[in-house]
Structures are given as structure tokens and as C-alpha cells.
Amino acid sequence: MTPFAYARASHLDETIAAGAEWDTAFLAGGTELLNWLRLGIAGPARVIDITRLEGLDRIERLPDGGLRIGALARLNDAAQHEDVARDYPVLSQAILKAASAQLRNLATVGGNPLQKTRCAYFRAEEKLPCNRREPGSGCSALHGLNDRHAIFGWIEECVATQPSDPAVALAALDANFVTAHRDGGRRIPATEFHILSRERPQDHTILRQGELITAIELPAPAPRSAYLKVRERESYGYATVSAAAALEMEGATIRRARIALGSVAYRPWRLDAAEARLAGVDIGDREALRRAIEMSFTDARPLSHNAYKIPLAKNAALRVIEIAGRTTP
């Protein structure tokens, strides 16, 4: 572990100014940062503890009927909050499946989507070719052990996937990350937060140096929504494939669908073509649902060991749509 300076933040403005000027990492729950430091994935010159910044753990209604979740809200607190559980079940379910109860008591809503890939080559304690660890060194997984890797959107520089469960739900909800930065904050759509870049494959998100997530904003309630996680161990494990759906219904007819898959790309993968095709489909017409889902898999590209993910992802999408459609608002 590389030595670093430690400071505890007391004011947001001072924190943002310091974060932009130093090689700085922000510490919230720390459940992921400590792993980065131990493995040498990150070696910041300074760590700023933001856990006592006032107001960043609040969950409150927005004037337009949406919901604002402070970035420092603990995962369990957010999942069990009345407004989240009632109006955004897809997010509550995703959070509760994200980690063990002990970790959820410490980890934060703003920190969880910042997780880095679980690719074994990226997290190896010994030095292996990995463009995310050392740009230009290659991607060991491209022709190696890639059974848990991407089937959508991958590039030869990186075939990894993003492991966050809440991020998939946030993408399906059309949520926005609200940030603060010395040069001005932003509202970043959840669907654009994670990136694949040939030019800078070491970047995991579009956040700038010193840019801090302060909140996540959700649009109008989506009570007919659900999250499905397929994993090897039900008690605790990262998703092999996951799916999130948020539906707007008129009787048994789907009027609007938002569907995102997880662990199939380095960002939550929206099924845009399927969403367009699902408008007007009866929730009980399974064959029509299947045909709509197929429309979003024409660009799927399996690697040498993960072709099984394609039928698995299709079935997960089908099941989560049906579950969401049966949810009582």
C-alpha cells in the first residue's frame, strides 16, 4: 500500500477545492477504496474523509415529484426508506442484492456505482497485462478467461463488465448523478456515467479529477418496476447477469418500458430496441415479449467463453418484465 496523507472534510466547498488540486481520493464507506489501496489499483497522494459533510445523507422529495438521495446515504437506509421501497422497488431490490447486510450498513449510494470491474486480471495481486491498470499493456481477458465478461459494447482494449447492482436500476429509472466540482457541477445521466474509451482505458467513469457525487436524483415514481439478479451464490455474490425494468401500464398493456441489463458490458446496458417494440404489447403475451427482447440482441458479441450469457440475459430480461408487470402500484 502506497503511503498517503489523510484529512477529514468539514465543508463541501473546501473539499471540492482540495480534491481538484491534489491527487485525491474521497473516502465515504470505504468498502471499495480499501481494496483499491491494498491491491495497488489506486495510490492517491491524499485521502479526504467526507463522511461528516452535512446534508449529503438526506433523502427528500423533489418539487417535480421525484426523489433526491444524498450520496452519503447508506445502502440499507436507502433501500428501506419508505419512499424508495414504495415508489422505486427496482432500486430498493437492487440495493438489497448488492452486498451483505454488514457491507450495506457501511457502503453508500454514491460510492457503490464507483466500483471498479471484478475482472480477475484487473484485480490480480501480481502484475498482468491489463489496459485499465497499465494502459498499452493489453487485455488478458480478451483471449483468456472471459466467461464472466462482456457481450455488449466491448473493445479489444477491455472486455470487462461493471459490477454495481444499483447502477443498473438507476439506468432503468433514467436517474441522474448530481456532482460538485471546482469548475462547476453537473447532472450526469446514469446511462452515460460509465465509459469505455480506447484513448483512456484506465478511466472507469466520466468524473473529472476532484469531482464529487453529491446526490442521485430520480424522476417520477416507478412503482411497477423490478430487479432480477442471476448469480452463483444467492447469499452473496456478484451478478453473472442482472436485469432491471420499469414499466408504465394501462391495464395489461405496456405503454412504456425501460429495461437495463447488468454484468453484460462496462456500463448498464439499456435495451433501446426492445423498449420501442414493447409499447402496446400485452404483458401476458410472452411470445411478443420475447420477440421484442430479441431486437436488442442483434449487436451482442460473445467472447470465447461466455456465449451462455446471451440466452441467460434474454431470459432475465423476460422474467423481470413479467415481474414488473405483475407488481401492484
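Predicted model: local features only at pLDDT ≥ 70, side-chain atom pairs only at ≥ 80, totals over all residues.
Trainee: Happy to start with strand E10; how many of its residues are buried?
Mentor: Good place to begin! Strand E10 covers residues 241-250, and buried here means under 20% relative accessible area. The strand is largely enclosed by the rest of the structure, because the number of its 10 residues that are buried is eight.

Trainee: Which residue in E11 is the bridge partner of Ala243?
Mentor: Let's look at both sides of E10. Strand E9 (residues 225-230) runs antiparallel to E10 with six bridges, and there Lys229 stands opposite Ser242. E10 also runs antiparallel to strand E11 (residues 253-262), joined by nine bridges. In E11, the partner of Ala243 is Leu261.

Trainee: Which residue takes a positive phi in the hairpin of E10 and E11?
Mentor: Two residues lie between the strands of this hairpin. The one with a positive phi, near 65°, is Gly251.

Trainee: Why is one side of E1 and of E2 left without a neighbour in the sheet?
Mentor: The open sheet has three strands with parallel pairing, in the order E1-E3-E2. E1 (5-8) and E2 (24-27) stand at its edges, so each has a single partner strand. The reason, then, is their place at the edges, each with a single partner strand.

Trainee: How many charged residues line the second largest pocket?
Mentor: That pocket holds about 340 Å³ of space. Its lining has 20 residues, with Arg118, Cys119, Arg148, Tyr238 and Ala239 the closest to the centre. By class, eight are nonpolar and six polar, and the number of charged ones is six.

Terms used
Residues numbered from 1 in each chain as written. Heavy atoms only, no water. 1 Å grid on protein atoms, 1.4 Å probe; cavity = no way out; pocket = protein on both sides within 12 Å on 5 of 7 lines; lining within 4 Å. Points joined across faces, edges and corners; volume = space filled by probe spheres on them. Nonpolar A, V, L, I, M, F, W, Y, C, P; charged D, E, K, R; others polar. Buried < 20%, exposed > 50% of the residue type's maximum accessible area, 1.4 Å probe, protein only. Helix = DSSP H or I, 4+ residues; strand = E, 2+ residues; numbered from the N terminus. Pairing = 2+ DSSP bridges.
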